[in-house]
Amino acid sequence: TSAKADTAPVPVQVPPADTSARSMSAWVIQLGSFSSRENADSLVRRLQTNGFPGYVEQVKSDTDLVFKVRVGPELSRAQAETIQKNLKTRLKLNAIILRFP
């Protein structure tokens with residue numbers, strides 16, 4: 001017997017995987033938000049001296065610049081929580097965990 005053309009399987013189109021930043025999930029640990037770059041840099045130096053990869057993120061608000069001191073990003077929230085606890089224990093610093101970016 002011969003197969004008819006109208007019974008041939010139709011290829012199914014698979015949508016491409018979403019590799020955009022929206023599909024990525026990461027976490028940062030924020031230690032402070034400063035109006036002074038000098039104060040933010042001072043905290044970053046303290047973090048780096050103690051082995052934490054701190055950095056300053058400059059954010060423009062409606063009226064001025066704010067300098068946020070952060071550690072990370074970490075792909076795992078559990079790892080971010082471990083860093084947060086280490087910052088509290090070793091440096092007596094309170095921090096919050098935020099989704100990144």
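Let me begin with burial, where buried means under 20% relative accessible area, exposed means over 50%, and partly exposed lies in between, with a 1.4 Å probe and protein chains only. What we have here is a predicted model, in which local features need pLDDT of at least 70 and side-chain atom pairs count only at pLDDT 80 or more, while totals for chains, interfaces and linings use all residues. Residues are numbered from 1 along each chain as its sequence is written, and side-chain values use heavy atoms, with hydrogens and water left out.

The chain holds 2 helices and 4 strands, these being DSSP runs numbered from the N terminus, with H or I over at least four residues for helices and E over at least two for strands. Along the sequence they follow the pattern β-α-β-β-α-β, and of the 101 residues 27% count as buried.

Leaving out residues up to four places away in sequence, Gly32 touches Phe67, Lys68 and Val69, where contact means heavy atoms within 4.5 Å.

Now to the charged side chains, where 3 salt bridges are counted, each being a side-chain nitrogen of Lys or Arg within 4 Å of a carboxyl oxygen of Asp or Glu. Glu57 and Arg70 meet in one of them, at 2.8 Å from N to O; since Glu57 lies in strand β2 (residues 54-60) and Arg70 in strand β3, the pair ties together parts that are 13 residues apart in sequence. Arg70 counts as buried at 10% relative accessibility, whereas Glu57, at 26%, counts as partly exposed.

Within helix α2, Arg77 and Glu81 lie 4 residues apart, about one turn of the helix, and their side chains form a salt bridge of 3.1 Å, N to O. Arg77 also lies over the face of Trp27, at 4.9 Å from the ring centre, the rule being that CZ of Arg, or NZ of Lys, is within 6 Å of the ring centre and within 35 degrees of the ring normal.
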